[in-house]
Every structure is written in structure tokens, then in C-alpha cells.
Amino acid sequence: MTKSADTAAGFRVRRIYDEADADDGVRVLVDRLWPRGVAKARAAVDEWCKELTPSTELRTWFHAHPDQYADFAERYRAELTGPAQDEAVRRLRELARTRRVTLLTAVKDPEHSHVPVLLGHLTG
């Protein structure tokens, strides 16, 4: 992904370390932990959807097995099927119908993280 990646269905992905942009719309942090070195005021985060992030157990497992992305993605998709996750997905989809929703992450390599799986779930 580039500095900011535009996607279908009103969603965009950006790293939280990039400056907020007027075109970001609703800025939603999709990481379980608050990013190091980022002041909350500077981050300009409108929502923090921890319920849409991989569980601590799954994150720990993936960090120990980075070569098993397909297994990680399958496990993460299963985690996205709970009632709290369904409600958060509905809310973000509804927001994206009327304005852009920018998903923010601190991961160094967004293309090989939970973000593409989440984006596929939101737009699928």
C-alpha cells in the first residue's frame, strides 16, 4: 500500500504516523494497542475500533509465525463474526455510505497485516 490507499466502498487505509488530511473523513484506528509516540490530539482519531482487531492471542501467534499469513487471515476472519464485530462492521459500512472512512494503522507493512483482511470483510 502506498502512503494512503484508496479502496472501494468509501474506505481508505493510511498509517497513523502520516499527518491527518482533510479528505480522510472519519478516522478510525483499527489497532488493538495505541501506537507508540503518537499523541492522541495529533492523531485526530474519531473512533478506536478495538473490537475489529485481532485478539491478543492471535496477534501473538502471528508475530511468532509471520510466514503463515493464510492461517492468520482465516483465524482473523473467524474472529470477525462475533456480535460486537458485526455491530462495528455495520456502523462503519453505514458511515462509508455517506462519507469516506479512513482506517488507521501503525503496522509497518499494512499489506501483510490484519488490515487487508478487515478491509475485505468491510467491503465484501
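Let me start with Ser113: it is buried, at a relative accessible area of 5%. Buried here means under 20%, exposed over 50%, partly exposed in between, with a 1.4 Å probe and protein chains only. This is a predicted model, where local features need pLDDT of at least 70, side-chain atom pairs count only at pLDDT 80 or more, and totals for chains, interfaces and linings use all residues. Residues are numbered from 1 along each chain as its sequence is written, and side-chain values use heavy atoms, with hydrogens and water left out.

Back to Ser113. Its loop runs between strand E5 (101-105) and helix H5 (114-123). Helices (H or I, at least four residues) and strands (E, at least two) are DSSP runs, numbered from the N terminus. Setting aside residues up to four places away in sequence, Ser113 touches Tyr69, Phe72 and Val107; contact means heavy atoms within 4.5 Å.

Now the rings. The whole structure holds five aromatic pairs. Rings of Phe, Tyr and Trp (its six-membered ring) pair if their centres lie within 6.5 Å; planes under 30 degrees apart are stacked, over 60 edge-to-face, the rest tilted. Tyr69 and Phe72 are tilted, at 5.9 Å centre to centre and 45 degrees between the planes. They sit three residues apart in helix H3 (residues 69-79), so about one helical turn separates them. Tyr69 is partly exposed, at 24%. Phe72 is buried, at 2%.

What about Phe72 and Tyr76? Their centres are 5.9 Å apart and their planes at 20 degrees, so this pair is stacked. Tyr76 is buried, at 0%. Phe62, Tyr69, Phe72 and Tyr76 form one aromatic cluster.
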